[in-house]
Amino acid sequence: MTTKEAGASYPSAARISDSPCYLQYSASLKCLEEFGSDKSKCQDHFDVYKECKKKEREARLERNKTRSLFS
(Lines give C-alpha, C1' and ligand atoms only; values in the text may rest on other atoms or scores of the structure.)
Protein backbone atom coordinates (compact mmCIF):
# COMPACT_ATOMS: atom_id res chain seq x y z
CA MET A 1 0.00 0.00 0.00
CA THR A 2 1.39 3.39 -0.90
CA THR A 3 1.37 6.40 1.37
CA LYS A 4 -1.24 8.04 -0.82
CA GLU A 5 -3.56 5.04 -0.52
CA ALA A 6 -3.09 4.89 3.24
CA GLY A 7 -3.88 8.60 3.46
CA ALA A 8 -7.21 8.07 1.76
CA SER A 9 -8.40 5.61 4.41
CA TYR A 10 -6.79 7.16 7.46
CA PRO A 11 -6.05 10.85 7.00
CA SER A 12 -3.01 12.05 8.86
CA ALA A 13 -3.03 15.31 10.70
CA ALA A 14 0.69 15.34 11.38
CA ARG A 15 0.64 18.82 9.88
CA ILE A 16 -2.05 21.19 11.09
CA SER A 17 -2.79 22.14 7.48
CA ASP A 18 -3.83 18.51 6.85
CA SER A 19 -6.35 18.60 9.69
CA PRO A 20 -10.08 18.88 8.97
CA CYS A 21 -10.05 21.61 11.64
CA TYR A 22 -7.53 23.79 9.86
CA LEU A 23 -10.09 26.48 8.99
CA GLN A 24 -11.18 26.78 12.61
CA TYR A 25 -7.55 26.87 13.73
CA SER A 26 -6.77 29.63 11.23
CA ALA A 27 -9.83 31.63 12.29
CA SER A 28 -8.71 31.46 15.92
CA LEU A 29 -5.25 32.76 15.06
CA LYS A 30 -6.64 35.48 12.83
CA CYS A 31 -8.93 36.60 15.64
CA LEU A 32 -5.99 36.81 18.05
CA GLU A 33 -4.04 38.87 15.54
CA GLU A 34 -7.01 41.17 15.00
CA PHE A 35 -7.70 41.75 18.69
CA GLY A 36 -4.10 41.99 19.87
CA SER A 37 -4.08 38.73 21.78
CA ASP A 38 -7.25 39.59 23.76
CA LYS A 39 -8.38 35.99 24.16
CA SER A 40 -11.78 36.90 25.57
CA LYS A 41 -12.88 38.35 22.22
CA CYS A 42 -11.98 35.10 20.46
CA GLN A 43 -13.66 32.60 22.78
CA ASP A 44 -16.29 31.64 20.18
CA HIS A 45 -13.52 30.75 17.72
CA PHE A 46 -11.73 28.69 20.36
CA ASP A 47 -14.93 26.83 21.22
CA VAL A 48 -15.63 25.98 17.58
CA TYR A 49 -12.05 24.74 17.12
CA LYS A 50 -12.21 22.70 20.33
CA GLU A 51 -15.46 21.05 19.21
CA CYS A 52 -13.99 20.27 15.80
CA LYS A 53 -10.93 18.65 17.39
CA LYS A 54 -13.19 16.63 19.68
CA LYS A 55 -15.17 15.31 16.69
CA GLU A 56 -11.95 14.62 14.79
CA ARG A 57 -10.62 12.60 17.74
CA GLU A 58 -13.88 10.66 18.13
CA ALA A 59 -13.89 9.80 14.43
CA ARG A 60 -10.27 8.60 14.63
CA LEU A 61 -11.05 6.44 17.67
CA GLU A 62 -14.07 4.96 15.89
CA ARG A 63 -11.97 4.14 12.81
CA ASN A 64 -9.32 2.55 14.99
CA LYS A 65 -11.90 0.35 16.73
CA THR A 66 -12.64 -1.41 13.46
CA ARG A 67 -8.99 -1.68 12.44
CA SER A 68 -7.01 -4.78 13.18
CA LEU A 69 -3.26 -4.85 13.68
CA PHE A 70 -3.16 -8.32 12.17
CA SER A 71 -5.02 -7.83 8.89
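Ser28 counts as buried because its relative accessibility is 6%, and the cut-off for buried is under 20%. Please keep in mind throughout that this is a predicted model.

**Around Ser28**

Ser28 sits in helix 2, which spans residues 22–34. Helix 3 covers residues 43–66.

**The two disulfides**

How many disulfides does a search of the whole structure find? There are two, and here they are side by side.

| Disulfide | Sulfur–sulfur distance | Torsion about the S-S bond |
|---|---|---|
| Cys21 and Cys52 | 2.0 Å | about -95° |
| Cys31 and Cys42 | 2.1 Å | about -95° |

Let's take the Cys21 and Cys52 pair to begin with. The disulfide of Cys21 and Cys52 is left-handed, because the torsion about its S-S bond is about -95°. Cys21 lies in the loop between helix 1 (3–9) and helix 2, while Cys52 belongs to helix 3, so this pair ties together parts that are 31 residues apart in sequence. Are these two cysteines buried or exposed? Cys21 is buried, with a relative accessible area of 0%, and Cys52 counts as buried too, at 16% relative accessibility.

Now for the other pair. The torsion about the S-S bond of Cys31 and Cys42 is about -95°, so the disulfide is left-handed. This pair links distant parts of the chain: Cys31 is in helix 2 and Cys42 is in the loop between helix 2 and helix 3, eleven residues apart. Both Cys31 and Cys42 are buried.

What pairing do the bonded cysteines show when they are numbered in sequence order? The pattern is 1-4, 2-3.

**A look at Glu51**

Glu51 is another residue of helix 3. With a relative accessible area of 38%, Glu51 is partly exposed, because it falls between the 20% and 50% cut-offs. Along the chain, Glu51 and Cys21 are 30 residues apart, yet 9.3 Å separates their C-alpha atoms.

**The annotated region**

In an unreviewed entry, UniProt lists residues 21–55 as "domain: CHCH". What is the make-up of the chain over residues 21–55? This stretch is 74% helix and 0% strand. The C-alpha atoms at its ends are 10 Å apart.

**The chain as a whole**

Stepping back, the protein has three helices and zero strands. Read from the N terminus on, its elements run α-α-α. Of the 71 residues in the protein, buried ones make up 10%; Ser28 is one of the residues that count as buried.

What share of the contacts with a separation of 6 or more comes from residues 24 or more positions apart? That share is 51%. As for the surface, the protein exposes about 6100 Å², and carbon and sulfur atoms supply 55% of that area.

To bring the picture together: the elements run α-α-α, and the two disulfides follow the pairing 1-4, 2-3. One of them joins Cys21 to Cys52, and the other joins Cys31 to Cys42.

Technical notes. Residues numbered from 1 in each chain as written. Predicted model: local features only at pLDDT ≥ 70, side-chain atom pairs only at ≥ 80, totals over all residues. Heavy atoms only, no water. UniProt positions renumbered as here; feature names shortened; annotations may be inferred. Helix = DSSP H or I, 4+ residues; strand = E, 2+ residues; numbered from the N terminus. Buried < 20%, exposed > 50% of the residue type's maximum accessible area, 1.4 Å probe, protein only. Disulfide = S-S within 2.5 Å. Contact = heavy atoms within 4.5 Å. Areas by Shrake-Rupley, 256 points an atom, 1.4 Å probe, with all protein chains shown as cover.
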